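Trainee: Could we go through this one together? I would like to know what lies behind the terms we use.

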Amino acid sequence: MTLSMSYLITINPGAIFNELLSWLAYLNRGTVLLQLFLVGIVMVAEQRGALRRRVEHRLVPEYIRVLIGPLLLLISSGLFLLVGLPWGLLRYFGLLWLGWMSFTPLKTLILSINKKFPVDELESTFLRPVYIIVAIMSFIRLMGSTENLSQTPIAILFGVELTLGRIYLAIIAVYVIMTLSSRPATFLAWLSGVLFGVRPRNRRGLELLFRYSVIIIGIIGVAYFIGIDGTAFIAIAGGLSVGIGFGIKEIISNFISSIWLLFEGSVRPGEILMINGDPCTVRKLGLRATQLRRGRDGAELLIPNQIFFTQEATSFTATETSRRDSVVVGAAYEHDPDIIVELLKTIAKEHKKVLEYPPVNAFVIDFADSSINYKVLFWVSNPLEAFEVGSDIRRTIWKQFEKKGITIPFPQRQVYPMEWPPSLQQSLHSTGGGGVVPQGIQPELTGSDEKPHGEA
Amino acid sequence: MTDNQGSIVLKVAQASNENEQHSNDRFKTERKITRNFQQQLKEMQPGIKLHPSIYPEESLEKALKVQTNSGLGPDLVIADSNQALSLLALGLTDPIKLTEERQNLINPAALERVKTANGSLAGQPVSQYLQLACFDKRKLKKAPETLKALSEASGTGKVFGMVTNLQDLYWSLGSFGAGEALTASLTGQKVTVAAHERLIQWMRWLKASSYQQNIVFLRNQAALRKAFMEGDMQWISCWSSQLPQLREKLKDHLGIAPLPSGDFGRATPITRLQVWALGKNSSRRQRAESLNLLDFMVQPWAQKTYALKYRTGFPVNPAAAMIVSKQLPPGFSKFSEEENKRVSRGDAIVSAIDAKPRLKKGIQSTLNELIFDGLSPEKAATELETQMKAKR
């Protein structure tokens, strides 16, 4: 199928420019200029703090004092009305300003009623966008016919004439879908949990899947609403296939990976994965990347989804969450390994967070240079706690060994200065007594000597 | 704001003629015509750049109120005579002073319709829209000239469509001479027995027509036009302002004729005046240019040219009307100065009803009950007279 560029999209913003230019015609009118001038003066005075300084009073909080400017405009609009001058612009700007400034007192009020209410989220995702939409609509109504402007065609997309009104509505609809899609998705996930017994951990993945579905259905709905039909979708798909091949391959690859990972259930929020040897908790599976929190230092990691899709990853939570960890310790040769092994098992078993099953075990793993090395293996239910449990067990081992007189040998290094040429006494000492250092061989300036711990 | 060539932008608020149509492309045809008119005017009046905005009729007053209060009102308002009068009464437009010379350019009946009680003019009539019969020439060779012929043609399988509101049905009152009863009721006079009887006869005709399979009553003009354009109807009552849509669809197959007459007399179609009124907020220069434009619009040349070009309205300039009447389609050409006087009673009744929404609703409900339910013509006639007398 070949499509000409003009079929895909033709933009003709001329009508909008004409409309905007025609608004300038109002500047021919003295009454309009007068109102705008007054608005300008009050705004500049407010900007420079001149208005607020006058009402400097401890009893009047800042968020009330910022309302002085808009109130001044409203009062002057009343005065204009009284003397029979056009006053609507003053009122419009006054109300617009007042509304904008009322967010802070409103937030304070809500927080005083309910401290946990997510006011900031409400403000940024709902209040301000709604406010801006209403402000734009009322401004256009003031300047001309909204119906007229909304029917102004400005572009042709896939043979469909897009009017300004449709584009505006489509933008609002997409925003609403994006913002509010999480609510029905959460409800559906919760419902699946109740009806089909989906585990809470899996619900979060399911919720994300539902959310994407709501967004996709919503966007297709919006496209149909603005008149883009099936043929256009085929054209879009054609265009996308070329796009995917070149430019947006990575984006699509990451997106598809995220969907796949959700279905597979291997990278769900709450999962614990080993990333470069560090256990990390999956926080969020996004469209492009997965957000993880590294247990070691709390760093947030953003890893493109396709990494998980194409490379191996170690999970501690794929089928079960328990993790096995171990502690290695050395004890002096003089102690009976049976006693040590039993002691290590007891220490590990007594820790609260060590699981009873699979059972704790301890092994002799090496006859090393200065000690017999043992390894105690234990299981914990939460893989992120393994590090902490290991530390606890090591501390207990030290205390128990101290109590029972079991020594942990370790190599020691003694450093002492040497003379050159060495005196006879020093030479004898360095060769272990009685040894003769042959002529021409220079001993090292520093020497070391390993002694068992017990002799140190 | 003046641009480089020194031309001035005039903001124009235009009430839509496609009021009953609540669809996404509500103003599509009107926008096309307006754009074309803008281009035409640019050639004749290079100093004026019109910037029209089309408003739904029902929201025009509200929008103008907000804009005029802010000093952002339009320089010119295009509305029908009733709305122009009500805009002046609300203080949203300025009355217009026409010199005697200019008044002579406009037919007196039209001027009368924009005159307020104190004699000032709410605007300047520029054109008038007529109610006509539109038919599909492929299916119907000739439009019926009488109601009887209409009834006979409907018997041969041709579908006829009408709208149930009084404004759109008023033409048929003339065919029965039933307008007198309504005028008398409205002015509070006693309705003569003969006039009452003629009103009953009209209602009988309505009732009888509603029983016929091929005479269809729809609730609004938009639905009627849609059915006509889709070929479900072969004849409808239509408005000249809406002809462009029909022409676009039916091309040369669209037939236009006067509405059928009855035994009593000729049909009395309603006319709607297109009135240009002056906005309140214009600067001195904008006002001067607006008046220039108004003057230009009633000159014979402009009247003739625009009437022939758009073929949606009849000139208000009698001289231009004489010139164009022969070139316009039959429905138009029959229209004349004399005709204008004859139908003015209907215009007065309809505008009086339009001004009272509750009365309008009451009359509509009576007509609906008569046409769609079991209300008898006798009862309906009495009810209609009572409603109009009460003027509520």
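Trainee: What share of the 456 residues of chain A counts as buried, and what makes a residue buried?
Mentor: In this predicted model, 20% of the residues of chain A count as buried. Each of those residues is called buried because 20 or more other C-beta atoms lie within 10 Å of its own.

Trainee: How do you know how far apart in sequence the contacts in chain A reach?
Mentor: Take the contacts between residues at least 6 apart in sequence: 61% of them join residues at least 24 apart in chain A.

Trainee: What secondary structure does chain A have?
Mentor: Chain A holds 19 helices and eleven strands. Five strands form an open sheet in the order E7-E6-E5-E4-E8 (chain A), and the pairing is antiparallel.

Trainee: Why are E7 and E8 of chain A called edge strands?
Mentor: Strand E7 (300–304) and strand E8 (314–315) of chain A each pair on one side only, so they are the edge strands.

Trainee: How do you know that E4(A) and E8(A) pair?
Mentor: Pairing needs at least two bridges. Two bridges join strand E4 (residues 272–275) of chain A to E8(A), so the two strands count as paired. They run antiparallel, and Leu273(A) has Ser315(A) in E8(A) as its bridge partner.

Trainee: How confident is the predictor in chain A?
Mentor: The pLDDT averages 82 over chain A, and 87% of the residues score at least 70. Helix H17 (residues 337–350) of chain A has the highest confidence, at 94, whereas helix H19 (residues 424–430) of chain A has the lowest, at a mean of 61. Over residues 432–456 of chain A the pLDDT is below 50, and that stretch has 31 contacts in the model beyond near neighbours in sequence.

Trainee: Which domains make up chain B, and how far apart are their centres?
Mentor: The assignment divides chain B into domain 1 (8–129 + 271–335) and domain 2 (139–266 + 338–390). Taken over C-alpha atoms, the centres of domain 1 of chain B and domain 2 of chain B are separated by 27 Å.

Trainee: What makes up the contact between the chains?
Mentor: There are 24 residues from chain A and 21 residues from chain B. On the side of chain B that touches chain A, strand E1 (8–15), strand E2 (48–55), helix H2 (57–70) and helix H12 (284–298) of chain B each supply at least two residues. H2(B) gives the largest share, five residues. By type, that side of chain B has nine nonpolar, nine polar and three charged residues.

Key
Residues are numbered from 1 along each chain as its sequence is written. Chains are lettered from A and ligands numbered from 1 in the order in which they are written. This is a predicted model: local features need pLDDT of at least 70, side-chain atom pairs count only at pLDDT 80 or more; totals for chains, interfaces and linings use all residues. Two residues are in contact if their C-beta atoms, placed from the backbone, lie within 7 Å. Helices (H or I, at least four residues) and strands (E, at least two) are DSSP runs, numbered from the N terminus. Ala, Val, Leu, Ile, Met, Phe, Trp, Tyr, Cys and Pro count as nonpolar, Asp, Glu, Lys and Arg as charged, and the others, Gly among them, as polar. pLDDT is the predictor's confidence in each residue, from 0 to 100. Domain bounds come from an automatic or database domain assignment. A residue is buried if 20 or more other C-beta atoms lie within 10 Å of its own, exposed if 12 or fewer, and partly exposed in between; C-beta atoms are placed from the backbone.
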